[in-house]
Amino acid sequence: MNPDDAGIIGLLQQPAGWTNAAGREAETILSSRVRLARNLQNYNFPGRCRESERREILDFSKDQALKVNYLNGASFFSLDGITKLGRRALEERRMTSSGPAEQLQAGVLISPEQNVSLMINEEDHLRLQSIFPGLDLLEAFRVADQVDDQLQERMEVAFSADRGFLTVCPSNLGTGLRASVLMHLPALAMSEKMDGLMEDISQKGIVARGAYGEGSRVKANLFQFSNRTSLGKSELEIVEEVEQAARSLQSEENKQRDDLWSRSRPELEDRVFRARAILSQARVLSMEEFLSLWSAVRLGISLGLVTIPKLADLNRMLISMQPAHLQFACDRTLDATQEEIERADRVRAMFS
Amino acid sequence: MLCQSCHKKQATLSYTEIKAGQARHRMLCEECALSQGLLSPMEAAISGLSDLLTQLMMELTDSGPARPDISCSRCGLSWSQFQKTGRLGCPGCYRDFSEKLEPLVMRIQHSDRHLGKPAKKAAVQLPVAGGQAVILKRQLNAAVEKEQFELAATLRDRLKVLESEQVRSRD
Ligand SMILES: [Zn+2]
Ligand SMILES: [Zn+2]
């Protein structure tokens, strides 16, 4: 493995905190995430800074952030110091976003429990993220808010009384807050209700998107729901709206699951057991096939049809079976075929 | 390839139409597919079409050029550059572009007033942008005064490097 990535190995060996499946409502809601965008008053935004200024911002913000709660003891990764593969692994963990990767002097701090991270010099100077398992947006917000308060005692951020926190893109203006939940909705996705529900929540100011897969092809029935606007509401109002949308989708999903169970149990069982059979026997497994079978098995776990692996193990596989994670785990470069063989081997092991 | 309907955006979806027994393949962008009823609301929702950034970019394309073009007095970003990227250059942009930004923010955010938490007063002394250049200039003046010409030459070189970086980041 490239020595530049040496620091990452330890991080990847620990499970990401949000995969615990310990939170409430873990069967349909995988994680709750809050992100706050902030910028330093005295500097141009990262895209319009000199490199030397970005260096100053990076060093200064990092030093200050290491002194605040949750981030003391954090690991630091310089995004231009690690390889492309290393950056990809951090994205797979949902610790960084796939922002402007070539931008120099960017980095990320990740807390020891991997539930709080601070990206420096991505689109905004600072992007603070807090992520918790299950439906726990309030806790995610409480933590992010506390870290934000402490950061602001140490640096003057760009703020105007009318417009709130000033961000690079006006779509994040005001609170700079994006609250989102990652949901597994296999039963709803099969039903005709989905279109209507998506229209409803869109009218309530909630944005939906596929968590995996590009464009309009959603994989693994994993959806991400977040607030559309960030201005004109308090942080708690925004958090509350997203949480309510998540709760109503969850109850619809549960209704749909009950309905499927009572109306077409044999077909449902067939689907789950076939998926489990393939995952426990396959010798070559693409990410795409893995994701779709993963979804059926996960549904099977919550219906009590499958007991091994556990929900948390399945959540973790969502990260550990991705390309960059696989390459780090076997400590060598894999071509496409080798990657699919490696994935099949590791998935099989989880089912025995 | 480009969308075969608007010929402007990148095509991301392929469709097969059957008309009078003839199959016809078309490549479309998501907006066109949506407007022609080829995408369901769910597909449109999850393709990210409903997010604020997408809407901002559409609003910006429609908002027309500023004549004459205006620039931010602090970072030099012009309104036409902002129209292309949707990204502002510095906190000062919000002040200098306020007239053009106001209706835009109102349309996408449905509000122009911050009701969230206020900023805290920072207790720590902060670095100032360009701090390094200021310090270098001060050192350079001192070196010249003390007739330390070798040191002065080194400092002048470092200043030049800093300033050339500045030029590069402005274009
Ligand atoms: Zn088009
Ligand atoms: Zn500016």
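Visitor: What should I know about the model and its numbering first?
Guide: This is a predicted model in which local features need pLDDT of at least 70 and side-chain atom pairs count only at pLDDT 80 or more, while totals for chains, interfaces and linings use all residues. Residues are numbered from 1 along each chain as its sequence is written, chains are lettered from A and ligands numbered from 1 in the order in which they are written, and side-chain values use heavy atoms, leaving out hydrogens and water.

Visitor: How many helices and strands does chain B have?
Guide: Chain B has eight helices and two strands, taken as DSSP runs (helices H or I, at least four residues; strands E, at least two) numbered from the N terminus.

Visitor: And in which order do the elements run?
Guide: From the N terminus, chain B reads β-β-α-α-α-α-α-α-α-α.

Visitor: What share of chain B is buried?
Guide: Of its 171 residues, 37% are buried, meaning under 20% relative accessible area with a 1.4 Å probe, protein chains only.

Visitor: Turning to chain A, how do helix 4 and helix 7 pack?
Guide: Helix 4 (residues 137-154) of chain A and helix 7 (residues 235-263) of chain A pack at about 155°, with axes 10 Å apart. The axes are lines fitted to C-alpha atoms over the stretch in contact, and angles run from 0 to 180 degrees between N-to-C directions.

Visitor: Which residues of the two helices meet?
Guide: Leu137(A), Leu138(A) and Phe141(A) in helix 4 of chain A meet residues of helix 7 of chain A, including Leu236(A), Val239(A) and Val242(A); contact means heavy atoms within 4.5 Å.

Terms used: Buried means under 20% relative accessible area, exposed over 50%, partly exposed in between (1.4 Å probe, protein chains only).
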